[in-house]
Amino acid sequence: MPLLHLLFTPRGLFAATGLAAVSLVGGGLTLAHTMNLAACPLCILQRMLYLLLALESIAAWLLAGPAPERTLPRRITALVMAATALTGVGVASYQTWLQRFAKGASCTADQPWWEQLVNWAGAQWPLMFEASGLCSEAGWRFLGLSIAEWSLIAFTSMTIAMLAAMLRKA
């Protein structure tokens with residue numbers, strides 16, 4: 001029971017979010033390499049957001065001590081993490097829409113800044129960030145849901161967890 005109680009503290013939520021984010025990146029890389037799945041630019045963007053959440057969770061965990069004077073830093077870091085997770089909700093929602101309703105469409109008509117970022121990152125670290133797939137192809141499903149749909153669930157859960165961490169009293 002004490003371990004479960006710790007999970008629902010703000011620091012526990014930060015730690016769980018960070019661990020989940022790192023695990024999802026690791027799981028995505030494992031799936032990509034074992035099942036020969038090609039990640040698309042939106043997949044890579046979501047991977048980047050998970051890594052950013054993991055980094056933010058470290059900072060949040062360090063800043064959010066149990067003392068009452070740590071309330072403002074905890075709320076600010078939770079808000080930043082909620083904004084990052086909410087951005088992930090938007091990206092995963094868009095990719096889910098592409099996969100369900102816009103079959104055969106590309107990610108975008110032109111190359112926006114985020115796709116340029118993905119291409120640059122892919123050139124720097126191909127194993128982690130190379131995008132060679134189509135955003136509208138689901139590729140692999142688990143329990144009837146695509147990776148983008150599972151990512152939407154994960155980002156939504158992380159957003160809710162960060163809102164809870166932000167609003168919870170120390």
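Me: Is Y50 buried or exposed in this predicted model?

Reply: A residue counts as buried when its relative accessible area is under 20%. Y50 has 6% relative accessibility, so Y50 is buried.

Me: Which aromatic pair does Y50 form, and how are its planes arranged?

Reply: Planes under 30 degrees apart count as stacked. The count comes to one aromatic pair here. Y50 pairs with F155, with 4.2 Å from centre to centre and 5 degrees between the planes, and the pair is stacked.

Me: Which parts does the pair tie together?

Reply: Y50 belongs to helix α3 and F155 to helix α7 (residues 147–167), so the contact links parts 105 residues apart in sequence. F155 is buried too, at a relative accessible area of 0%.

Me: Which residues of α7 are buried?

Reply: An α-helix has 3.6 residues a turn, so residues three or four places apart point the same way. In α7 the buried residues include S151, A154, F155, M158, T159, A161, M162, A165 and M166.

Me: Where is L62 found, and is L62 buried or exposed?

Reply: L62 is in helix α3 (residues 41–63). Exposed means over 50% relative accessible area; L62 has 57% relative accessibility and therefore counts as exposed.

Me: Which residues form a nonpolar patch on the surface with L62?

Reply: L55, I58 and W61 form the patch with L62, and together the four residues have about 430 Å² of accessible area.

Key
Residues numbered from 1 in each chain as written. Predicted model: local features only at pLDDT ≥ 70, side-chain atom pairs only at ≥ 80, totals over all residues. Heavy atoms only, no water. Patch = residues over 30% accessible without salt bridge, like charges linked within 9 Å, V, L, I, M, F, W, Y side chains within 5 Å. Areas by Shrake-Rupley, 256 points an atom, 1.4 Å probe, with all protein chains shown as cover. Salt bridge = Lys/Arg side-chain N within 4 Å of Asp/Glu carboxyl O. Helix = DSSP H or I, 4+ residues; strand = E, 2+ residues; numbered from the N terminus. Buried < 20%, exposed > 50% of the residue type's maximum accessible area, 1.4 Å probe, protein only. Phe/Tyr/Trp six-rings, centres within 6.5 Å; stacked < 30°, edge-to-face > 60°.
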